[in-house]
Amino acid sequence: MPQCLVVDDSAVMRRIARSMLEKLGFDCTEAADGAQAVEAVRQHAPDVILLDWEMPVLDGFGALTALRAEPWGRAPRIVMCTTLSDMERIVAALEAGADEYVMKPYDQEILADKLRAVGVLD
Amino acid sequence: MTAAALATIRDVVQRRSGIAMAADKDYLVAARLEPLLPQLGVATTVALADRIGRQNDARLAMLVTDALTTNETLWFRDGRPFDLLRDVVVPDILERRAAERELRFWSAACSTGQEPYSLAILLAEDTARLAGWRWRILGTDLSATAVARAREARYSQFEVQRGLSAHRLIKHFSKDGEAWRLKEALRAAVELREANLLSLPPLGPFDAVMCRNVLIYFDVPTKRAVLDAVAARLRPGGWLLLGAAETTLGITSAFTPHPEHRGLYRRA
Ligand SMILES: C[S@@+](CC[C@H](N)C(=O)[O-])C[C@H]1O[C@@H](n2cnc3c(N)ncnc32)[C@H](O)[C@@H]1O
């Protein structure tokens with residue numbers, strides 16, 4: 001079963017994402033900020049990370065940069081998932097190594113499509 | 001809604017669009033039309049049926065048809081047809097049209113534009129093979145509302161996320177308030193106009209046509225008439241791409257299915 005790490009400081013958003021991901025056949029773990037996310041990735045090596053941008057401690061962009069600097073054998077796919085929807089942010093995230101970008105609000109169809117695009121869902 | 005009013009509405013929609021609405025979908029007709037009555041300027045569905053039926057009000061008939069047909073579409077819908085265009089159709093046309101160096105495509109029920117614009121994105125990104133070639137895309141649809149939206153090429157955040165990658169979004173769109181607008185260069189590559197598949201004007205000839213997710217709504221004689229009319233607007237050997245649930249088999253011999261690729265046909 002593919003593993004997804006859901007990173008969001010809102011428990012409600014994590015629950016929504018998680019229920020969609022589980023319907024799509026993912027096994028989920030959660031983190032509530034960027035620092036927790038980096039730690040969780042080291043421990044669980046998920047296939048894909050759904051990563052919010054605005055979070056306390058370390059934000060999603062910080063986590064993205066940190067994760068892309070790690071010497072991975074097999075780097076996880078990273079899908080940014082945020083209410084921020086300006087062009088500059090999307091460009092910055094993709095340039096920093098995000099594979100896809102989901103703008104909130106989204107639905108299961110959009111999520112499935114993005115997961116397919118990054119190659120973690122058939 | 002009375003049975004007579006329903007019958008009139010079903011009949012008008014079918015005559016205009018070819019879309020055969022089964023009687024078991026009657027609840028849908030009422031559910032979609034009743035909320036629109038104030039906007040349509042009639043008091044009841046019976047009055048509406050009278051206006052589009054007996055009084056032959058073409059504008060109202062168009063609005064009713066619009067309300068009862070689905071314009072559901074998305075970017076690079078189903079993925080595979082666009083892979084087939086890139087890997088099978090375009091290479092073949094490049095060979096056949098080497099003298100003219102021109103490609104002509106048609107999206108024959110283009111709804112709000114995602115289909116012809118996806119094709120435009122695909123071709124615009126194919127710079128290596130298409131350098132020095134001219135290509136043009138025509139998008140047509142019965143719905144004036146859909147065609148107007150396609151011309152605008154302005155999409156909500158939800159719409160741009162259906163099937164479009166973030167890389168393509170930032171490359172081919174600009175942000176316009178809360179919406180996203182396709183850039184001018186690609187808008188200019190696609191001509192959009194209203195056209196009814198049941199009474200097509202002279203068009204083409206095209207090298208390839210996408211006629212997807214519309215034949216499913218037609219009965220067999222209508223499917224045959226539409227497919228034959230589409231074939232007549234294709235070059236000999238030109239390509240047809242149908243939706244996942246559609247086929248020419250058992251309907252017309254104007255097309256031959258590709259032996260390997262489902263959904264891909266060639267004008268016989
Ligand atoms: C479900 S959409 C399909 C859009 C697109 N081809 C796709 O596959 O995503 C069907 C479209 O067919 C159009 N349509 C229905 N009857 C038509 C007719 N008789 N002539 C032209 N278009 C028609 C509708 O207006 C609608 O936009």
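**Pockets, cavities and aromatic contacts**

In the predicted model, the lining of the second largest pocket draws at least three residues from each of two domains of chain B, namely domain 1 (3-68) and domain 2 (80-267). The volume of this second largest pocket is about 390 Å³. Its lining comprises 27 residues, and those nearest the centre are B:Thr70, B:Asn71, B:Ala109, B:Asp141 and B:Val214. Two or more lining residues are contributed by each of α1 (3-17) and α5 (58-68) of chain B, and α5(B) gives the most, with three residues. By class, ten residues of the lining of the second largest pocket are nonpolar, ten are polar and seven are charged.

A total of 26 residues line the largest pocket, and A:Asp113, B:Phe76, B:Gly79, B:Gly163 and B:Arg168 lie nearest its centre. The elements that supply two or more residues to this lining are α5 (108-117) of chain A and, from chain B, α6 (80-96) and α11 (166-172). With seven residues, α5(A) gives the most to the lining of the largest pocket. Charged residues number 14 in that lining, alongside eight nonpolar and four polar ones.

Two cavities of 30 Å³ or more were also identified. The largest cavity has a volume of about 50 Å³. Among the residues that line the largest cavity are A:Val6, A:Val7, A:Asp8, A:Met13, A:Arg14 and A:Ala17, together with A:Lys104 and A:Tyr106. Both β1 (3-7) and α1 (11-23) of chain A supply at least two residues of the lining, and the largest share, three residues, comes from α1(A). The lining of the largest cavity holds seven nonpolar and four charged residues, with no polar ones.

The second largest cavity has a volume of about 30 Å³. Its lining includes B:Thr73, B:Leu74, B:Trp75, B:Phe76 and B:Arg77, as well as B:Gln114, B:Glu115 and B:Ser118. Helix α7 (residues 114-124) of chain B provides the largest share of this lining, three residues. The class composition of the lining of the second largest cavity is four nonpolar, three polar and three charged residues. B:Phe76, which lines the second largest cavity, is also one of the residues nearest the centre of the largest pocket.

Over all chains, five aromatic pairs were counted. The ring centres of A:Trp53 and A:Phe61 are 5.3 Å apart and the planes are at 15°, so this pair is stacked. A:Trp53 counts as buried, at 5% relative accessibility, whereas A:Phe61, at 27%, counts as partly exposed. The ring of A:Trp53 also has the charged end of A:Arg89 over it, 5.2 Å from the ring centre.

In chain B, B:Trp75 and B:Tyr155 form an edge-to-face pair, with 5.1 Å from centre to centre and 80° between the planes. B:Trp75 belongs to the loop between α5 and α6 of chain B and B:Tyr155 to strand β3 (residues 154-155) of chain B, so the pair ties together parts that are 80 residues apart in sequence. B:Trp75 counts as buried at 0% relative accessibility, and B:Tyr155 counts as buried at 0%. Ring pairs join B:Trp75, B:Tyr155 and B:Phe173 into a cluster. Through B:Trp75, the description of this cluster meets that of the second largest cavity, whose lining includes B:Trp75.

Note on methods
Residues are numbered from 1 along each chain as its sequence is written. Chains are lettered from A and ligands numbered from 1 in the order in which they are written. This is a predicted model: local features need pLDDT of at least 70, side-chain atom pairs count only at pLDDT 80 or more; totals for chains, interfaces and linings use all residues. Side-chain values use heavy atoms; hydrogens and water are left out. On a 1 Å grid over the protein atoms alone, a cavity is a set of points where a 1.4 Å probe fits but cannot get out, and a pocket is an open set with protein on both sides within 12 Å along at least five of seven lines; lining residues have an atom within 4 Å of a point. Helices (H or I, at least four residues) and strands (E, at least two) are DSSP runs, numbered from the N terminus. Ala, Val, Leu, Ile, Met, Phe, Trp, Tyr, Cys and Pro count as nonpolar, Asp, Glu, Lys and Arg as charged, and the others, Gly among them, as polar. Grid points are joined across faces, edges and corners, and a volume is the space filled by probe spheres set on the points. Domain bounds come from an automatic or database domain assignment. Rings of Phe, Tyr and Trp (its six-membered ring) pair if their centres lie within 6.5 Å; planes under 30 degrees apart count as stacked, over 60 as edge-to-face and the rest as tilted. Buried means under 20% relative accessible area, exposed over 50%, partly exposed in between (1.4 Å probe, protein chains only). A charge sits over a ring if NZ of Lys or CZ of Arg is within 6 Å of the ring centre and within 35 degrees of the ring normal.
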